[in-house]
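Here are my notes for anyone opening this one for the first time. Have the model open as you read, and take the points in order.

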Amino acid sequence: MTSLPTVAQERPYFVTYSHEMEEPGNLDIEICNAVGKPPGANRFLGSNIEFEYGVKTWWTSEFYMDGQATANDSTIFTGYRWENRFRPLLREHRINPVIYVEFENTSADKALREVVGHDGVPDFADPNWLARQDKEREIETKLILGSNYRGWNISENVIAEKNLSNDPWEFGYAWAVSRPLRLAASAHRCAFCTERFQTGIEMYGGLGDRYSFGLHRTSQYVGPAVNWSAPGNLTLSFSPQFGLNDYSIPRIYRFGISYEIEQFLGIFRGGN
Amino acid sequence: MIRRLPMLLMLVTLPAALMFATADGAWLAQVPAGDHQKNNPYEKQPDAIAAGRIIFEEHCAKCHGRDAEGVKKRPSLKTERVQHQATEGDLHWLLLNGSMKKGMPPWAKLPDPQLWQLISYLKSLHE
């Protein structure tokens, strides 16, 4: 039997989480990259590979491995993260909350999967050998709120992160909206049907920390986002993002590719 | 104590019996009246049925089988309940909300027109 193309219906967001969970039993493998050139520092490529598994309909678990390459410097493994998302309400509501809890152990990370506190351009000034001495063992929590309305997805994240050393709580946010280019599906199979493309806008940034809450000395980004659900369970995503102040990297180009394995454990059990 | 035994047995077995009685199709009783009466804008349209078949194969067939007759513990969609007892509005409500305790995820991430196309296909299976 030929394999059939699948519309994965992933949202085109790189930083913002929607309330939609991974289907139970499915494993999503994704590589996300961020390319940027901070003023006064070297160009970098931050990258991570994610393994996202649907444990239950209401519980998704994800493991990340991060790395980065900096021009005129080095390429290094920067650490790992393990996150879990829990959906407390078992029905679809106007606004759907999801609780996110993550442990991360990273250093010199440049994947920029979230921006919190006073993260900004100065963090990119140090060479890798120096930056990786600053170990970040952190607990990160998010309140994810998501809504689907007439084909639009609206997602908001409120982020609170605590370094397990004696640093204060840091805060951040992310929000995004997106919509497929066409809501109804085509009556024939096609790789480039408009319903396979989703476009949207994503914005995120830091909100300071416990002692200096607000936008002062924080970085803020906004940009359009697009993805294409290609045949063969692949989704390709792209987003150019723009820094909104001098504390932000002027431009970050993000691109990602994900592959979904349906009913992953069934492969080993000999299921179909 | 012996006199109380039947009462105790009843207390233990009644909830279990009720659970079994409502295990399949209990969701039907939970559908609000407004959703129950919703009409499918694509009802019996050949293009919608064709599109719904593609959506089914892409999202549903892995669990419910390519022929919709169920896989292992995942139920058949050709049953009397799905084909006749449930209205199209009922199925729309189920797809939107899922039945998360039983492992059926919500499909609210699919746009509404695609849910209705999928329902058109499901309802065509008995014909």
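1. Start with how chain A is held together along its sequence: among its contacts with a separation of 6 or more, 64% are between residues 24 or more positions apart. Keep in mind throughout that this is a predicted model.

2. Next, the elements of chain A. Reading along the sequence, the order is β-β-β-β-β-α-β-β-β-β-β-β-β-α.

3. How does the overall size of chain A look? The C-alpha trace spans about 55 × 40 × 40 Å along its principal axes. A compact globule of 272 residues would have a radius of gyration near 19 Å, and chain A has 19 Å, so the two agree. As for burial, 43% of the 272 residues count as buried.

4. Now zoom in on strands S3 and S4 of chain A. S3(A) covers residues 59-70 and S4(A) covers residues 75-86, and they pair in the antiparallel sense over 11 bridges. If you want one pair to click on, Thr60(A) has Arg85(A) in S4(A) as its bridge partner. The two strands form a hairpin with 4 residues between them. Have a look at Asn72(A) in that turn, where phi is positive, at about 60°.

5. S4(A) has another partner to check. Strand S5 of chain A (residues 96-106) runs antiparallel to S4(A), and 8 bridges join them. Here Arg81(A) stands opposite Glu104(A) in S5(A). While you're looking at these strands, a reminder: in a regular strand the side chains alternate between the two faces of the sheet.

6. Is Leu130(A) buried or exposed? It lies in helix H1 of chain A, which takes in residues 128-131. There are 10 other C-beta atoms within 10 Å of Leu130(A), and 12 or fewer makes a residue exposed, so Leu130(A) is exposed. For a sense of scale, Leu130(A) and Arg251(A) are 121 residues apart in sequence and 24 Å apart in space, C-alpha to C-alpha.

7. On to chain B, which has 7 helices and 0 strands. From the N terminus on, that reads α-α-α-α-α-α-α. Of its 127 residues, 36% count as buried. Among contacts between residues at least 6 apart in sequence, 67% join residues at least 24 apart.

8. Inside chain B, I'd pick out the packing of H4(B) against H7(B). Their axes are 7 Å apart and meet at an angle of about 95°. Angles of 65 to 115 degrees count as roughly perpendicular, so that is how H4(B) and H7(B) sit relative to each other. On the H4(B) side, the contact residues include Ala48(B), Ile49(B) and Phe56(B), and on the H7(B) side they include Leu118(B) and Tyr121(B). By class, this contact divides into 7 nonpolar, 5 polar and 1 charged.

9. Finally, where do the chains meet? In total, 24 residues of chain B are in contact with 25 residues of chain A. On the chain B side, helices H4 (46-64), H6 (88-97) and H7 (112-124) each supply at least two residues. H4(B) gives the most, with 8 residues. That side of chain B has 13 nonpolar, 5 polar and 6 charged residues.

Conventions. Residues are numbered from 1 along each chain as its sequence is written. Chains are lettered from A and ligands numbered from 1 in the order in which they are written. This is a predicted model: local features need pLDDT of at least 70, side-chain atom pairs count only at pLDDT 80 or more; totals for chains, interfaces and linings use all residues. The radius of gyration is taken over C-alpha atoms; the globule rule is 2.2 Å times the number of residues to the power 0.38. A residue is buried if 20 or more other C-beta atoms lie within 10 Å of its own, exposed if 12 or fewer, and partly exposed in between; C-beta atoms are placed from the backbone. Two residues are in contact if their C-beta atoms, placed from the backbone, lie within 7 Å. Two strands pair if DSSP finds at least two bridges between them. Ala, Val, Leu, Ile, Met, Phe, Trp, Tyr, Cys and Pro count as nonpolar, Asp, Glu, Lys and Arg as charged, and the others, Gly among them, as polar. Axes are lines fitted to C-alpha atoms, for helices over the stretch in contact, and angles run from 0 to 180 degrees between N-to-C directions. Angles under 35 degrees count as roughly parallel, over 145 as roughly antiparallel, 65 to 115 as roughly perpendicular and the rest as oblique.
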